[in-house]
Amino acid sequence: QVQLVESGGGLVQPGGSLSLSCKASGTIFSLDVMGWYRQVPGDQRELVATITSGGTTNYADSVKGRFTISRNNAKNVSAKNTVYLQMNSLKPEDTAVYYCHALRRTINGGTPHEYPYWGQGTQVTVSS
C-alpha cells in the first residue's frame, strides 16, 4: 500500500516563504503524477500543482509565478517518488491544509486503471 508522508508547513507572515515535501513509500513503481491540493474548511479541495514522472507541471492560476513544484529526477524510485512545493510570496488566502496526492496508472488486459493516493495533510497558515 502506498503511503505519502508530508513535511513542512507551519506559520509564516504574508510575503514569506515555506516549503513542503512529500515522500511516497510502499511501491517499487515510479508514480505517474504527484502533486499538491489544498482545502479550507467548508470548501472543496482544490488543485495547487502537479508534476508528472516526466517533469511536466501544472499550476492553479492563483499560484502561478509564486509556487514551484519539483520532483527528484533520479533513477532511484524512492528518490523519484518525492515531490516538493516551494511557496514564495505567500498570501493570507493561501492558508489551508495542503495534501500530497499521487497517482499510478496501469493497463491490465487492455483496460486502464488509476490508483490515487493521499497524504494526511499539513497546515499552512499565512498571517501577521
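Student: What should I know about the model before we start?
Tutor: It is predicted: local features need pLDDT of at least 70, side-chain atom pairs count only at pLDDT 80 or more, and totals for chains, interfaces and linings use all residues. Residues are numbered from 1 along each chain as its sequence is written, and side-chain values use heavy atoms, with hydrogens and water left out.

Student: What is the strand order in the open sheet of 4 strands?
Tutor: β1-β3-β8-β7, with antiparallel pairing. Strands are DSSP runs (E, at least two residues), numbered from the N terminus. Two strands pair if DSSP finds at least two bridges between them.

Student: Which strands stand at the edges?
Tutor: β1 (3-8) and β7 (67-71). Each has a single partner strand, so one side of each is left without a neighbour in the sheet.

Student: How many bridges join β1 to β3?
Tutor: 6, and β3 covers residues 18-25. G8 has L20 in β3 as its bridge partner.

Student: And how many join β3 to β8?
Tutor: 6 again, antiparallel. There, S19 stands opposite Q86 in β8.

Student: What is the bridge partner of T68 in β8?
Tutor: Q86. β7 and β8 are joined by 5 bridges.

Student: New topic. Where is S89 found?
Tutor: In the loop between β8 (82-87) and β9 (96-108). S89 has a positive phi of about 50°, although it is not a glycine.
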